[in-house]
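Try each task before reading its solution.

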Amino acid sequence: MQVLLHPSDQPVFRLAIHTAGCRLELRINDVPVFRDSSGVSLTVDLPVNEWLFQGSNDIQVLMSPLETGAAFAEHAQVEITLRHKFARDAVRNMIDIGKLRWRPEPEQAHAHHQEEATLQPDDEDATLLALPGQAEELTWRHGQPQTMTDKSVRICTSLLLPPPWPACPWQRSQPLQEDARTLFAVQGLVRAFHQRLQHGGYEDFLKLRRSALEIAYYLQPAEADEALGFPVLLRLREWSLQQLPEKGLKVEVAGAGRLVRLLNEQSCESPLLLVNETAGVAALLDAWWMFNGEWQMIR
């Protein structure tokens with residue numbers, strides 16, 4: 001039986017998401033990591049190591065009808081698979097820990113969410129998810145679907161991760177209010193970051209972010225640029241950084257009040273936008289901040 005002896009052998013967690021016919025929001029430890037309000041059939045594969053920490057991790061799924069207060073479409077469905085990938089295992093590099101399925105019919109939802117999703121080694125040579133002394137399997141626990149007053153449905157799940165997974169870095173930061181003072185502060189931070197993106201010197205803003213990526217996904221410093229995405233795009237002539245809007249910005253507080261970001265009121269997306277007009281595509285730069293004696297970009 002193999003035993004993991006090095007941090008780089010720890011798994012990279014991913015969520016494979018399929019949604020159709022409804023609005024979907026996925027939050028990990030009270031931070032929105034995926035949102036879709038289009039209702040079209042959509043499949044996304046999302047790496048989530050950077051949002052998971054030592055102890056109990058809350059993974060919350062919220063489904064809403066396409067029209068507020070209306071019934072769900074008959075074809076509405078959500079399927080989410082929690083997977084892990086071994087960093088060094090090229091043969092068995094992806095294994096499913098568990099699956100969550102939801103449809104608006106009560107009997108189907110009830111049947112699927114009674115169960116716990118578990119991962120069991122399937123043979124004596126199976127690689128474990130644990131260092132010596134830790135549990136040899138992980139369990140993704142699902143709660144019962146809860147119907148809200150606006151007819152949306154929420155499912156709360158949990159995933160317990162033992163050491164050596166790090167503690168949540170913003171647990172001890174100061175709580176933030178969704179008010180005018182926070183908006184003013186974060187606007188200043190985003191505008192300063194935007195200016196640095198235009199003229200260079202933005203690395204000071206990214207020290208914590210770059211370190212978090214390297215730790216979460218076992219990256220070398222040179223690989224962090226590729227993981228961040230936008231440093232590569234900034235160097236390409238086809239891509240241009242858009243101007244920040246002067247008005248219509250708001251703050252969103254998450255992470256139990258410890259994280260904040262700036263959003264465009266109309267699109268509910270980050271106002272930091274890179275555009276390739278030739279290809280007709282755009283890339284959003286999503287910046288989360290915390291305040292711990294000083295402002296820091298945490299994600």
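Predicted model: local features only at pLDDT ≥ 70, side-chain atom pairs only at ≥ 80, totals over all residues.

**Exercise 1.** Find the strand order of the open four-stranded sheet, and name its edge strands.

*Solution.* 
- Step 1: Trace the order, which is β4-β1-β6-β7, with antiparallel pairing.
- Step 2: Look for strands that pair on one side only; these are β4 (42–47) and β7 (95–102).
- Step 3: Check the twist, which averages 15° from one strand to the next.
- Step 4: Turn to β1 (residues 12–20) and β6 (residues 77–85), which pair in the antiparallel sense over nine bridges. In β6, Val 78 is the bridge partner of Thr 19.

**Exercise 2.** Decide how helices α3 and α4 are oriented to each other, and describe their contact.

*Solution.* 
- Step 1: Take the axes of α3 (residues 203–217) and α4 (residues 221–228), which come within 10 Å and cross at roughly 100°.
- Step 2: Apply the cut-off: angles of 65 to 115 degrees count as roughly perpendicular. The two helices, α3 and α4, are therefore roughly perpendicular to each other.
- Step 3: List the contact. From α3 come Leu 206, Arg 209, Arg 210, Leu 213 and Glu 214; they meet Pro 221, Ala 224, Asp 225, Ala 227 and Leu 228 in α4.
- Step 4: Sort by class: the contact of α3 with α4 has six nonpolar, four charged and no polar residues.

Methods: Residues numbered from 1 in each chain as written. Heavy atoms only, no water. Pairing = 2+ DSSP bridges. Axes fitted to C-alpha atoms, helices over the stretch in contact; angles between N-to-C directions. Parallel < 35°, antiparallel > 145°, perpendicular 65-115°, else oblique. Contact = heavy atoms within 4.5 Å. Nonpolar A, V, L, I, M, F, W, Y, C, P; charged D, E, K, R; others polar.
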